[in-house]
Amino acid sequence: MSTTGATADPLAALGALPGVAESVESVRKAVDRVYGHRVMRRRSNAITSEAALRGARGSAALSGADWALEEVRRRTDFSGDDEARLMGAALRLTAEAGQLLSIWRQSPLRVLARLHLVAAATNGPEVGRPRQAGEPVDEPLVELPLPGADEVHGRLDGLSELIIAGGSAPALVTAAVVHGELLALRPFTSHNGLVARAAERIVLVGSGLDPKSVCPSEVGHGELGRAAYLAALDGYVSGTPEGVAAWIAHCGKAIELGARESTAVCEALQRGAA
């Protein structure tokens, strides 16, 4: 996060990057449209549940398990092959994220550790803690250079301090930085993509932008596609103002697409078709 270190509120400073204010406003309008739908007044729990399922499916797709929504809905056993276990991990994270909102602002590193523990679902010594020097990382879809363990620990501490300090940064900016940092660092030995997207969701809900969790950004990230996702991540990792702004805009578009998805669910429920 080399672009964020020069001011007392570095996340808020990112909001001044070219195009970011426009992305923030566009996201707000998209979210407001969902919350203003008449179905949300009567069936918000149903929209939240459906958004969770679709968000988990989208996150798993980006990590290599691109299943049809109805297959995810139908399955009860996710213990089979690697793709099934990956989908199970995404579903568990979606369910767990809502339980961690009260902890996030006080102890984000504790939340990240818990997310990895839930995703990995094993008892190995590497689970639920940042990786140590020499430990391999299983994250084949992200091919960026892997930071060393010392850098990982230092940057995680810095990210934690920013979150605990709070500030005036828009929710989109904070969510995008959390997401981007975790993907860039890959702090755990596995499941970093799933954890990064779950953390983004926690920020969006906890910030009050999407308090009912009905705008699944994971859906949008999946719809935009893996190539665009990784290209935008390259921009973030570059540390240039243009690259960071492009990553924030990409995350904003993903939220808008998630909001559009839930608006479509609202429309279907209103017609009695879902």
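## Aromatic pairs

Three aromatic pairs turn up in this structure, which is a predicted model.

Take Y229 and W247 to start with: their rings sit 6.0 Å centre to centre with 50° between the planes, a tilted pair. Y229 belongs to helix α12 (residues 226-238) and W247 to helix α13 (residues 241-271), so this pair ties together parts that are 18 residues apart in sequence. As for solvent, both Y229 and W247 are buried.

## W247 again

W247 also pairs with Y236, and that pair is tilted too, at 6.3 Å centre to centre and 55° between the planes. Here the link runs between Y236 in helix α12 and W247 in helix α13, eleven residues apart. Y236 and W247 are both buried.

## Where α3 meets α11

Now for some helix packing. Two packed helices are described by the angle between their axes and the distance between the axes. For helix α3 (residues 38-62) and helix α11 (residues 217-224), the axes come within 7 Å and cross at roughly 40°. That makes α3 and α11 oblique to each other, and their crossing is left-handed.

On the α3 side, the contact is made by R54, G55, G58, S59 and L62, while α11 brings in E218, V219, H221 and G222. What kinds of residues make up the contact of α3 with α11? They divide into five polar, two nonpolar and two charged.

Notes
Residues numbered from 1 in each chain as written. Predicted model: local features only at pLDDT ≥ 70, side-chain atom pairs only at ≥ 80, totals over all residues. Heavy atoms only, no water. Axes fitted to C-alpha atoms, helices over the stretch in contact; angles between N-to-C directions. Helix = DSSP H or I, 4+ residues; strand = E, 2+ residues; numbered from the N terminus. Parallel < 35°, antiparallel > 145°, perpendicular 65-115°, else oblique. Left-handed = near helix turned anticlockwise from the far one by under 90°. Contact = heavy atoms within 4.5 Å. Nonpolar A, V, L, I, M, F, W, Y, C, P; charged D, E, K, R; others polar. Phe/Tyr/Trp six-rings, centres within 6.5 Å; stacked < 30°, edge-to-face > 60°. Buried < 20%, exposed > 50% of the residue type's maximum accessible area, 1.4 Å probe, protein only.
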